[in-house]
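Hello,

Here is the structure I promised to pass on.

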Amino acid sequence: MRNLSLDEARRLCLGAQGFGLTPDKRGVNRRDMRKVMNTLHLLQLDSVPVITRTQYMPAFSRLGPYRADLLDEIAYRDDEWFEVWAHEASLVPVHTEPLLRWQKARSESGGTWKGLVELATKEAAYVEQCYRDVAERGPLSASELTSPRPRQGEWWGSRSVGSLALDWLFRIGRLGIRRHGNFEKAFDLIENIVPADILAGPTPTEADAIKELLVKSATALGVGTANDLVDYFRLPPRTAKPLLAELVEDQRLTPCAVEGWAKPAFTLPRQRVPKSVAARSLVSPFDPVVWHRERAERLFNFEYRIEIYVPKPKRRWGYYVLPFVLRDEIVARVDVKNDRANRKILVPAAYIEHGRPIGMIADELAEALWDLARFLGAESITVGRKGDLADELRRAIKSR
């Protein structure tokens, strides 16, 4: 049993998450982007563009400003990454495909949204017609199907039957997703996205695939409880948790105790704890560092929830709040909006965490916000008056 202090666990987490990656001196390039993906193993997708769509943020948080369409080129033009349901909708490297076939098999056996299963049962001929449409004419959006069929009855929800059919074919692995324009979705045959040699490769057993994904989770998190590791790829807990004992027995994971954690944790054998972490990063609400809210509280004493759907009078921190990581701690949070029309970053509110030194953190946060402005193509930053960090941050922004 290995013992880690909470400070060591934080450094281990942030180091494993790629904070401290050094981009190419000439600017962030494809190799740098691949390093981020190979470190995180997945990028969660989200279509809410308050600042920018969330899949673009992890690379920025770890590498600094870069050309955002570089990610789209790697994922949707060159097909090095592809979309799956992992930690919600996500991009993963194409070589991960065999490890996710069990998930597709479960979906086909009814282990997904029951509306899709019912559709596949009741409308099997129509689903096959949609597949043939894509095979013959794709990539296609739902509206481009020969017969898109608007929704029928309450249980279909607000989407067309064609959209649901394509979603089902995606869930069971027959179709993949491409993006174009304004994050618009089109479906293509999976064999046009994932290379043939990968698709022709052997299919691991469900247990072996989940064990590999648990090891990837431990690699990405640095250290984590059973719940942390299971959450990373949203694995089925009843299946995944018993497999941790096998991974320990096989010496692929090492059990450890983290100071202040009530539950045992796991890390990689002989995992080295960084002596320091040189982070100065604004992170997305959907970044792996904070997406498991209970883990963020355990690691960083950081209580966090996203308040997009909270009525404005009831919001505590703001509409779209970014945690600010400095070295090995989360030291502040800022409500941020990208005012694209006026090429301006708006910061309606800024808050310090746990009585930390306001002046120094304001200066560091100002640098991080100017990095964000460069990334988004903004020319100015306006700081509002809400929050105990706002006045000092405004001063720091103006002094740059």
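This is a predicted model: local features need pLDDT of at least 70, side-chain atom pairs count only at pLDDT 80 or more; totals for chains, interfaces and linings use all residues.

Residues are numbered from 1 along each chain as its sequence is written, and side-chain values use heavy atoms, with hydrogens and water left out.

An open sheet with mixed pairing is built from five strands, in the order S10-S11-S12-S13-S14. (Strands are DSSP runs of E, at least two residues, and helices are runs of H or I, at least four, numbered from the N terminus; two strands pair if DSSP finds at least two bridges between them.) S10 (280-282) and S14 (380-386) are the edge strands, each with a single partner, so one side of each has no neighbour in the sheet. S12 (residues 329-339) and S13 (residues 344-352) run antiparallel and are joined by seven bridges; Lys 337 has Leu 346 in S13 as its bridge partner.

Now the cores, meaning sets of buried (under 20% relative accessible area, 1.4 Å probe, protein chains only) Ala, Val, Leu, Ile, Met, Phe, Trp, Tyr and Cys residues joined through side-chain atoms within 4.5 Å. The largest has 91 residues, and Leu 393 is one of those with the most contacts inside it. Helix H14 (residues 358-376) gives this core its largest share, 10 residues. A second, separate core has 28 residues, including Cys 256 and Phe 300.

Happy exploring!

Definitions and conventions
Buried means under 20% relative accessible area, exposed over 50%, partly exposed in between (1.4 Å probe, protein chains only).
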